[in-house]
Amino acid sequence: MKLSTNFSLKKHNTFGLAAVANHFVEVETQNELIEFLKNSPLKKDLKLVLGGGSNMLLTKNIDGTVLHVNLQGVCIKEDAKNYVIVEANAGENWHKLVLWAIANNFGGIENLSLIPGNVGTAPIQNIGAYGVELKDVFYSLDAVEIDTGKIVSFTNNECNFGYRESVFKNEAKGKFIITAVRLKLSKPPHQTQINYGAIAQELANKSVKNPTIKDVSEAVIDIRKSKLPDPAEIGNSGSFFKNPIVAEELANKLSEQFPDMPVYPATKGHKKIAAGWLIEQTGWKGYRKGDAGVHKNQALVLVNYGEATGEEILLLANTIIDSVDKKFGIKLIAEVNLI
Ligand SMILES: Cc1cc2nc3c(=O)[nH]c(=O)nc-3n(C[C@H](O)[C@H](O)[C@H](O)COP(=O)(O)OP(=O)(O)OC[C@H]3O[C@@H](n4cnc5c(N)ncnc54)[C@H](O)[C@@H]3O)c2cc1C
């Protein structure tokens, strides 16, 4: 277990916000984690569990303890004829796991290439991209209950996954620390998914006819690199808001008024609307005040050009929510965790 005091979190969040934590504790094994939860005097001040810091806005300094979960290791738990169950510890980098799966010719997560963050956090918002969500390959996970230090397992059903949702954002919020995730990945022949977004077009541009999982991963990586700002260059947390899911009547009414509005199917009686389009239509794309702004190509991505504070970005986010609500009657909800 590593302990630091008055620790700057700037390098631990992709927004690059210089919030300071009173205490920063890093655990590298499940035993260290349990030891911390059962015996450390710093546990009572636990304010934040930190993975890769790519899905959070640190709105202020952390007056208490930040616990960085850094458990490493990947192994095959079951090797069947058509599939493998792979277990990865929570601190493993997600994209590194995707590349490992591709190198071993295990399919299912290639569309989720280049999503920042750690494996242990992937189930929390059921990460998704290009037509695939974690839930499609998720098998089970282990977590430690914060109150008791007990190890608990969750099956796919028990995680209650939805669009950028899981039990860990609802009933189980703040109660568990995820330590390991198991995925069920396919062995060849793989069923690649290329009908979402620009994947098929990207593959056609490269004259790829029968794409392998590696081809799909490379296409996704190229598309993402061309569309999303790299946090190493401009601080950001990916999509700041969720795409709103609204009642079908409202979606239909708005479609009449704004025929160009992108609308997607959602649960029965509902439609999903592109949040980026709503933000663009209210004139925020490319906006900048000080170092806080809205990306010039991606209205859904709020950015820190350098020295913005979390408070400034939060103020910008709230102003955008109000203006979209005023124009469209839709209240955007943050996808990013506001800390
Ligand atoms: C450029 C960019 C692009 C992105 N694109 C996508 C995308 O396409 N699809 C997508 O779904 N997401 C996307 N994201 C969001 C982000 O990558 C994911 O949400 C990722 O899973 C966050 O992982 P993390 O380890 O960085 O989480 P963190 O930011 O460290 O934590 C997120 C939340 O989980 C909690 N937490 C962290 N670790 C644990 C743990 N072990 N146990 C319990 N709670 C924990 C934290 O307290 C916090 O509330 C993007 C982000 C960026 C910066």
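The centres of domain 2 and domain 3, taken over C-alpha atoms, are separated by 26 Å. This is a predicted model, in which local features need pLDDT of at least 70, side-chain atom pairs count only at pLDDT 80 or more, and totals for chains, interfaces and linings use all residues. Residues are numbered from 1 along each chain as its sequence is written.

**Domains and overall form**
- The protein is divided into domain 1 (2-69), domain 2 (74-227) and domain 3 (235-338), with bounds from an automatic or database domain assignment.
- Its secondary structure comes to eight helices and 20 strands, where helices (H or I, at least four residues) and strands (E, at least two) are DSSP runs numbered from the N terminus.
- The C-alpha trace spans about 60 × 50 × 40 Å along its principal axes.

**Nonpolar core**
- The largest nonpolar core has 87 residues, and those with the most contacts inside it include Val-66, Val-181 and Ile-313.
- β12 provides the largest share of this core, seven residues.
- Such a core is a set of buried Ala, Val, Leu, Ile, Met, Phe, Trp, Tyr and Cys residues joined through C-beta atoms within 7 Å; a residue is buried if 20 or more other C-beta atoms lie within 10 Å of its own, with C-beta atoms placed from the backbone.
- Buried residues make up 42% of the 339 residues in the protein.

**Ligand shell**
- The ligand is surrounded by 32 residues, the closest being Gly-51, Gly-52, Ser-54, Gly-117 and Gly-238; a residue is near a molecule if its C-beta atom, placed from the backbone, lies within 6 Å of it.
- β3 (46-50), β8 (128-129) and β12 (176-186) each supply at least two residues of this shell, and β3 gives the most, with three residues.

How values were computed: Buried ≥ 20, exposed ≤ 12 C-beta atoms within 10 Å, placed from the backbone.
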